[in-house]
Amino acid sequence: MSNLATYNRIFVETFEVPEDVLASYKYQDTPSWDSVGHMTMIASLEDAFDIMMDTDDIIEFASWEKGKEILKKYDVELQD
């Protein structure tokens with residue numbers, strides 16, 4: 001599975017949204033992306049990509065698109 005497929009799967013499973021909404025998906029677009037959902041997603045991403053995100057990056061991770069930018073800092077390449 002590619003990194004992008006893994007990234008998308010984590011969003012779909014954590015927030016129970018269809019994959020076709022991810023490109024414009026933002027924090028609190030659905031009730032499931034609340035603070036608990038946010039930390040569940042972060043933990044899943046850290047496990048999947050074997051990284052540990054800084055607190056500032058966790059706070060700034062406010063959309064699917066922004067998350068792609070943040071993960072580049074950790075050498076996680078997400079190709080479209």
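**Helix packing and salt bridges**

In this predicted model, N3, T6, Y7, I10, F11, T14 and F15 of α1 meet G37, H38, T40, M41, S44, L45, A48 and F49 of α2 (contact means heavy atoms within 4.5 Å; helices are DSSP runs of H or I, at least four residues, numbered from the N terminus). That contact splits into 8 nonpolar, 7 polar and no charged residues, with Ala, Val, Leu, Ile, Met, Phe, Trp, Tyr, Cys and Pro taken as nonpolar, Asp, Glu, Lys and Arg as charged, and the others, Gly among them, as polar. The axes of α1 (residues 3–15) and α2 (residues 35–49) come within 10 Å and cross at roughly 155 degrees, so the two helices are roughly antiparallel (angles over 145 degrees, on a scale from 0 to 180 between N-to-C directions of lines fitted to C-alpha atoms over the stretch in contact).

Turning to charged pairs, the whole structure has 3 salt bridges (a side-chain nitrogen of Lys or Arg within 4 Å of a carboxyl oxygen of Asp or Glu). In one, the closest N and O atoms of D57 and K73 are 2.6 Å apart. D57 sits in α3 (residues 55–60) and K73 in the segment after α4 (64–72), so this bridge ties together parts 16 residues apart in sequence. D57 is buried at 3% relative accessibility, while K73 is exposed at 56% (buried is under 20%, exposed over 50%, partly exposed in between; 1.4 Å probe, protein chains only). E13 pairs with R9 at 3.3 Å, about one helical turn away in α1.

Residues are numbered from 1 along each chain as its sequence is written. Local features need pLDDT of at least 70 and side-chain atom pairs 80 or more, while totals for chains, interfaces and linings use all residues; side-chain values use heavy atoms, leaving out hydrogens and water.

Note on methods
Angles under 35 degrees count as roughly parallel, over 145 as roughly antiparallel, 65 to 115 as roughly perpendicular and the rest as oblique.
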